[in-house]
Amino acid sequence: ARKISEYRSVIFSSSSFFCSYCQKVKGLFSNLGVPVNVTELDEIPDGDEIQEFLGKKTGQRTGMRSLFP
């Protein structure tokens, strides 16, 4: 939850599989020059815990999440 409140835009995704939606959203932010924190859940030690938290908050466990606090 702290990461979500620290940044204006946060993207949680996974680098271990190809997700065209993930790539499009990351590219959109980049093209618009919008600063965003991208967190690849499969690359961090607590990625599973964050995925579980996001599942409880959003009602979905799979797929990418873009959050705008």
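**Reading the chain**

Mentor: We may begin with an overall view. This is a predicted model. Among its contacts between residues at least 6 apart in sequence, 66% join residues at least 24 apart.

Trainee: Which pattern does the chain follow along the sequence?

Mentor: The order is α-β-α-β-α-β, and the secondary structure comes to three helices and three strands.

Trainee: What share of the residues counts as buried?

Mentor: Of the 69 residues, 35% are buried. The chain exposes about 4,800 Å², and carbon and sulfur atoms supply 52% of that area.

Trainee: How should I read the side chains of a strand?

Mentor: In a regular strand, side chains alternate between the two faces of the sheet. Here, strand S1 covers residues 10–13; Val 10 and Phe 12 point one way, while Ile 11 and Ser 13 point the other way. All four of these residues are buried.

Trainee: Which strand is joined to S1, and how many bridges join them?

Mentor: Strand S2, residues 37–40, is joined to S1 by four bridges, and the two strands run parallel. Within this pairing, Phe 12 stands opposite Thr 39 of S2. Between the two strands the chain passes through helix H2, residues 20–32, and this β-α-β crossover is right-handed.

Trainee: What should I expect of nonpolar side chains?

Mentor: In soluble globular proteins, nonpolar side chains tend to be buried together. In this model, the largest nonpolar core has five residues: Val 10, Phe 12, Leu 41, Ile 50 and Leu 54. S1 and helix H3 (47–58) are the elements that give two or more residues to this core.

Trainee: Which residues are in contact with Leu 41, leaving aside its neighbours within four places in sequence?

Mentor: Leu 41 is in contact with Phe 12, Ser 13, Ser 14, Gly 47, Ile 50, Gln 51 and Leu 54. Among them, Phe 12, Ile 50 and Leu 54 also belong to the core.

Trainee: Let us turn to a lysine. Why does Lys 26 count as buried?

Mentor: Lys 26 lies in helix H2. Buried means under 20% relative accessible area, and Lys 26 counts as buried because its relative accessibility is 19%.

Trainee: Which residue does the side chain of Lys 26 join through a polar contact?

Mentor: The partner is Glu 40, whose side chain is joined to that of Lys 26 by a polar contact of 2.7 Å. Beyond its neighbours within four places in sequence, Lys 26 is in contact with Ile 11, Ser 13, Val 38 and Glu 40.

Methods: Residues are numbered from 1 along each chain as its sequence is written. This is a predicted model: local features need pLDDT of at least 70, side-chain atom pairs count only at pLDDT 80 or more; totals for chains, interfaces and linings use all residues. Side-chain values use heavy atoms; hydrogens and water are left out. Buried means under 20% relative accessible area, exposed over 50%, partly exposed in between (1.4 Å probe, protein chains only). Contact means heavy atoms within 4.5 Å. Accessible areas come from the Shrake-Rupley method with a 1.4 Å probe; for residues, only the protein chains shown count as cover. Two strands pair if DSSP finds at least two bridges between them. A crossover is right-handed if, with the strands pointing away from the viewer, the path from the first strand over the helix to the second runs clockwise. A nonpolar core is a set of buried Ala, Val, Leu, Ile, Met, Phe, Trp, Tyr and Cys residues joined through side-chain atoms within 4.5 Å. A polar contact is a pair of N or O atoms within 3.5 Å; within protein, one must be able to donate a hydrogen and the other to accept it, and residues adjacent in sequence count only if both atoms are side-chain atoms.
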